[in-house]
Amino acid sequence: MKHSIVRSIEGLYEDRTLELVRIAIRKGFKPIEILKWLQIGMERVGKLYETSDYFIADLIFAGIIFQEVMELDELEALSKVTSKNKIGKLMLFSVFGDCHDIGKNIFGSFAKTAGFEIIDLGTDVPLNKVMDALKTMKPDIIGMSGMQQETVYEMRALVCELVTRNIRDDYRIIIGGTVVDDKTGQIVGADYAAKDVTKGVEKCKIWMQEKASQKNNGK
Ligand code: B12
């Protein structure tokens, strides 16, 4: 099953990928397993782009197939985050000036499957919109995605704004995207920087466990 799904998304077979995922669900595979296979397929698409075997349009199309899979009713039903299984609230967006969203959506899907309620503000999101959403949505974690060099400054601007308003410690901040590494994390003032979505989601889960135990200890 794994190889068929990986190869199907790598080959950009839209209907076939959707059908194979439906079959995998019927066979009882967990959404997180299916997601990991899809991600391997996406990585292969990325490599084919780097070797000039695929064009940007192919990469975008792979992103569309990925999104369609995530929106399958069968998968949605299994990954539904309810008040019972919810482990935290994660607000996610691509920063101002950045319209790339394929990677952001992949991270969001992984986090959702892990039990996070996702508030997706979309792409190219201005600072004031983020600040408004923080007030109304009250997330535990802020996740920022950035694919261009300049986006680092936008990420930093948000952290500075939180510091100025004296609310920086109310949130955990995770950043990801092509331009992100440990150094970027330090420049931005984020709590964690990750290109690897699995590591990113693991970190978010640890934060929620810490928060829960602090609550239990009455801190
Ligand atoms: C596809 C693509 C586009 C598509 C975007 C479609 C879409 N819906 O996203 C289109 C054609 C629209 C586009 C436009 C542009 N693009 Co473009 N694009 C790419 C490309 C080829 C792939 C990006 C991608 O989707 N990769 C696949 C995903 C799965 O990988 P990923 O994004 O890295 O995400 C992974 C991790 O980083 C992580 N992750 C991502 N976000 C987050 C967030 C969190 C919190 C966590 C934990 C993890 C995480 O999870 C993913 C898991 O694998 C890259 C080149 C490249 N090889 O990266 C250029 C690239 C990013 N683009 C680039 C540029 C310059 C542009 C444009 C400015 C071009 C132009 N002159 O108009 C515009 C941007 C306009 C704007 N306002 O944003 C440059 C950026 C250069 C830089 N470093 O500053 C790149 C690097 C190409 C290059 N080499 O020059 N682009």
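This is a predicted model: local features need pLDDT of at least 70, side-chain atom pairs count only at pLDDT 80 or more; totals for chains, interfaces and linings use all residues.
**Entry 1, domains.** I looked up the domain bounds first. The chain splits into domain 1, residues 2–79, and domain 2, residues 88–216. I took the centres over C-alpha atoms and found domain 1 and domain 2 to be 24 Å apart. Ten residues of domain 1 and seven residues of domain 2 make up the contact. On the side of domain 1 that touches domain 2, α3 (31–50) and α4 (56–70) supply at least two residues each. The most comes from α3, with five residues. I sorted that side of domain 1 by class and got six nonpolar, four polar and no charged residues.

Next I listed what surrounds the ligand. There are 32 residues around the ligand, and I102, G103, S145, G176 and G200 come nearest. Both domains take part: domain 1 and domain 2 each give at least three residues to the shell. I noted the elements that supply at least two residues each: α3, α4, α6 (102–113), β3 (141–145), β4 (172–176) and α10. The largest share, five residues, is from α6. By class I have 15 nonpolar, 13 polar and four charged residues in the shell.

I then went back to β4, one of the elements in the ligand shell. Is β4 enclosed or open to the outside? Five of its five residues are buried, so β4 is largely enclosed by the rest of the structure. I checked each face: R172, I174 and G176 are buried on one side, and I173 and I175 are buried on the other.

β4 pairs with β3 in the parallel sense, over five bridges. G143 is the residue opposite I174 on that side. From β3 the chain passes through helix α8 (residues 151–164) to reach β4, in a right-handed β-α-β crossover. β4 also runs parallel to strand β5 (residues 192–193), joined by two bridges. I174 has Y192 as its bridge partner in β5. The chain goes from β4 to β5 through helix α9 (residues 182–188), and this β-α-β crossover is right-handed.

Last I looked at N216, which sits in helix α10 (residues 197–216). Is N216 buried or exposed? I counted 8 other C-beta atoms within 10 Å. The cut-off for exposed is 12 or fewer, so N216 is exposed.

Terms used:
Residues are numbered from 1 along each chain as its sequence is written. Domain bounds come from an automatic or database domain assignment. Two residues are in contact if their C-beta atoms, placed from the backbone, lie within 7 Å. Helices (H or I, at least four residues) and strands (E, at least two) are DSSP runs, numbered from the N terminus. Ala, Val, Leu, Ile, Met, Phe, Trp, Tyr, Cys and Pro count as nonpolar, Asp, Glu, Lys and Arg as charged, and the others, Gly among them, as polar. A residue is buried if 20 or more other C-beta atoms lie within 10 Å of its own, exposed if 12 or fewer, and partly exposed in between; C-beta atoms are placed from the backbone. A residue is near a molecule or strand if its C-beta atom, placed from the backbone, lies within 6 Å of it. Two strands pair if DSSP finds at least two bridges between them. A crossover is right-handed if, with the strands pointing away from the viewer, the path from the first strand over the helix to the second runs clockwise.
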